[in-house]
Amino acid sequence: MFREVSKILAKSSMAIAFTGAGISAESGIPTFRGKDGLWRKYRAEELATPEAFKRDPKLVWEFYKWRIKKILEARPNPAHIALAEMEKMGIIKAVITQNVDDLHKEAGSINVIELHGNIFRIKCTSCSYREYLKETGRIEWLLSQELPKCPNCGSFLRPDVVWFGEALPEKELTTAFSLAKKADVVLVVGTSGVVYPAAYIPYIVKESGGIVVEVNIEPSSITPIADFFLRGKAGEILPRLVGEIRRYLNE
Ligand code: BV8
Ligand code: ZN
């Protein structure tokens with residue numbers, strides 16, 4: 001199975017990756033629906049919504065500050081690094097991710113499409129103010145705030161991520177869908193495939209005649225349409241794939 005998948009990836013002309021929370025699990029970041037996917041007694045779905053923010057912005061900010069701190073302690077794991085390798089080898093043309101943890105870019109991936117935003121970006125709830133905290137160096141400031149306010153207009157700031165019930169960013173979504181239409185292979189890594197419209201990506205590849213390769217520790221909603229299901233941890237499977245591809249290319 002590994003050899004066959006490596007050959008398919010090595011010979012592909014337009015392979016893309018589609019990733020979810022599972023690819024960051026081995027970096028110590030809790031997934032959404034796994035057993036560790038809880039924060040206090042809440043599920044992310046209850047807190048990652050505009051209604052929750054309206055009702056209790058302090059609680060929602062506590063949740064996001066907790067996640068920022070977890071992500072700051074995290075490093076890209078061998079799975080993120082393997083995908084960056086595959087991009088360098090000219091195999092993976094883009095990583096389309098549902099994750100907001102910045103770890104694909106930290107691992108060296110260049111062409112990363114963030115469908116659900118980025119936890120290190122904040123935006124104003126009223127004016128167009130937006131800030132990437134890693135650029136402005138204000139992460140510590142943010143973590144010290146109970147209710148961060150816009151420096152422009154004084155309104156509440158919020159994480160620049162897509163909450164449930166909110167539309168995905170137009171540009172990223174259209175780019176992701178058009179890449180999926182052209183892709184001859186999609187490497188689906190660490191996603192339960194339940195969140196839409198992101199979860200359409202593998203279906204679009206399939207419908208356009210592409211091959212679906214899934215890497216997950218257990219079957220997901222995508223598995224029924226997967227041509228190959230590599231069961232296991234992404235941090236173990238992806239580096240093995242890179243090794244196999246290297247061997248195949250050097251034959
Ligand atoms: C929209 C950012 C419309 C925030 C996220 C009913 C009511 C209300 C809404 C809906 C509904 N039915 C459908 C919807 C739509 C809704 C949706 O799909 N809900 C689902 C839950 C049913 N979608 C939306 O609301 C979207 N917006 O539809 O708007 C609209 C349109 C136009 C105009 C206005 C409005 C917005 C969805 C985006 C939500 N934001 N994140 C934040 O992060 O704080 S989603 C969140 O879930 C994360 O992005 C996460 O990545 C994503 C998906 O989850 P997964 O990544 O798959 O993670 P999960 O934990 O589920 O799975 C982990 C997998 O990894 C597992 O399979 C596990 O086995 C595997 N794994 C674990 N360890 C490993 C591993 N695999 C490999 N190796 C390992 N080591
Ligand atoms: Zn403002």
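Author: Four donors count as tetrahedral if all angles lie between 85 and 135 degrees. This is a predicted model: local features need pLDDT of at least 70, side-chain atom pairs count only at pLDDT 80 or more, and totals for chains, interfaces and linings use all residues. Residues are numbered from 1 along each chain, ligands from 1 in the order written, and side-chain values use heavy atoms, without hydrogens and water.

Reader: What makes the site of the zinc ion (ligand 2) tetrahedral?

Author: The angles among its 4 donor atoms run from 102 to 121°. The limits are 85 and 135 degrees, so the site is tetrahedral.

Reader: Why are the SG atoms of Cys-124, Cys-127, Cys-150 and Cys-153 called donors?

Author: They coordinate the zinc ion (ligand 2) at 2.3 Å. Water is not among the atoms, so sites may look incomplete. The donor spacing in sequence is C-x2-C-x22-C-x2-C. Cys-127 and Cys-150 link distant parts of the chain, 23 residues apart.

Reader: Is Cys-150 called buried or exposed, and why?

Author: Buried means under 20% relative accessible area, exposed over 50%, partly exposed in between (1.4 Å probe, protein chains only). Cys-150 has 4%, so it is buried.

Reader: Why does Cys-127 get another label?

Author: Cys-127 has 25% relative accessibility, so it counts as partly exposed.

Reader: What about Thr-49?

Author: Its relative accessible area is 11%, so Thr-49 is buried. Leaving aside neighbours within four places in sequence, Thr-49 is in contact (heavy atoms within 4.5 Å) with Trp-163 and Phe-164.

Terms used. Donors = N, O, S within 2.8 Å, 3.2 Å for Na, K, Ca; no water. Tetrahedral: all angles 85-135°; square planar, octahedral: opposite > 155°, others 65-115°. Helix = DSSP H or I, 4+ residues; strand = E, 2+ residues; numbered from the N terminus.
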